[in-house]
Amino acid sequence: MSEVASPEPGCIFCAIASGDAVASVVYEDETVLAFMALHPVVRGHLLVVPREHAVGLEDLDSTTSAHVWSVGHEMARVLRRSGIRCDGINVFLCDGEVAFQTVFHFHLHVIPRHAGDGWTIMPDEVERDRGLLDSDARVIRDALMAVSEPGE
């Protein structure tokens, strides 16, 4: 395994990336590792983790981010072809404590799914008024323009 460029003391994913903690690794390269979740929601639940410590999306550079998602995509494809029962896939990201992030090192969940597997995500869906959706879209477009300006 390659060494992590800047491990965060006490971070279990940094310890796994540096070889100081054990994991059931499925894939690794210079930038990321994919390994079995220690507390899987279903059999085959994988995590794709950058070797470089980053807490969340804001801390992840765009090249590493693209690679994490690319490896996550490949892991989803591989899960469908593996001997693990898989009729669908959830690719799941928890970014921040209020979004259910519990390990504060960026990680992408790749979760194989099949009917009756026992794991659900069932939000209460409420349709939003078109005027409110248009207003929210305008706020987000304005922010997009602001972060695209030089110096941001």
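Here is a short chat about how the terms used for this predicted model are applied.

Author: The model is predicted, so local features need pLDDT of at least 70 and side-chain atom pairs count only at pLDDT 80 or more, while totals for chains, interfaces and linings use all residues. Residues are numbered from 1 along each chain as its sequence is written, and side-chain values use heavy atoms, with hydrogens and water left out.

Reader: Why is F106 called buried?
Author: Buried means under 20% relative accessible area, exposed over 50%, and partly exposed in between (1.4 Å probe, protein chains only). F106 has 1% relative accessibility, so it counts as buried. It sits in the loop between β4 (88-93) and β5.

Reader: And what does F106 touch?
Author: Contact means heavy atoms within 4.5 Å. Leaving out residues up to four places away in sequence, the partners of F106 include V48, V49, P50, L60, V68, W69 and L93.

Reader: What makes T64 buried?
Author: T64 comes out at 12% relative accessibility and therefore counts as buried. T64 belongs to helix α2 and touches T31 and P50, not counting residues up to four places away in sequence.

Reader: What makes a set of residues a nonpolar core?
Author: The members are buried Ala, Val, Leu, Ile, Met, Phe, Trp, Tyr and Cys residues, joined through side-chain atoms within 4.5 Å. The largest such core here has 15 residues, and V48, V68, M75 and V110 have the most contacts inside it. β2, β3 (46-50), α2 (62-81) and β5 each supply at least two residues of this core, with α2 giving the most, five residues. A second, separate core has ten residues, among them C11, F13, A17 and V49.

Reader: What makes the open space a pocket rather than a cavity?
Author: On a 1 Å grid over the protein atoms alone, a cavity is a set of points where a 1.4 Å probe fits but cannot get out, whereas a pocket is an open set with protein on both sides within 12 Å along at least five of seven lines; lining residues have an atom within 4 Å of a point. Grid points are joined across faces, edges and corners, and the volume is the space filled by probe spheres set on the points. By that count the largest pocket holds about 530 Å³. It is lined by 24 residues, and A37, L38, H39, L47 and H109 are the closest to its centre. Among the elements, α1 gives the most to the lining, with three residues.

Reader: How do the lining residues of the largest pocket divide into nonpolar, polar and charged?
Author: Ala, Val, Leu, Ile, Met, Phe, Trp, Tyr, Cys and Pro count as nonpolar, Asp, Glu, Lys and Arg as charged, and the others, Gly among them, as polar. On that basis the lining has 17 nonpolar, seven polar and no charged residues.

Notes
Helices (H or I, at least four residues) and strands (E, at least two) are DSSP runs, numbered from the N terminus.
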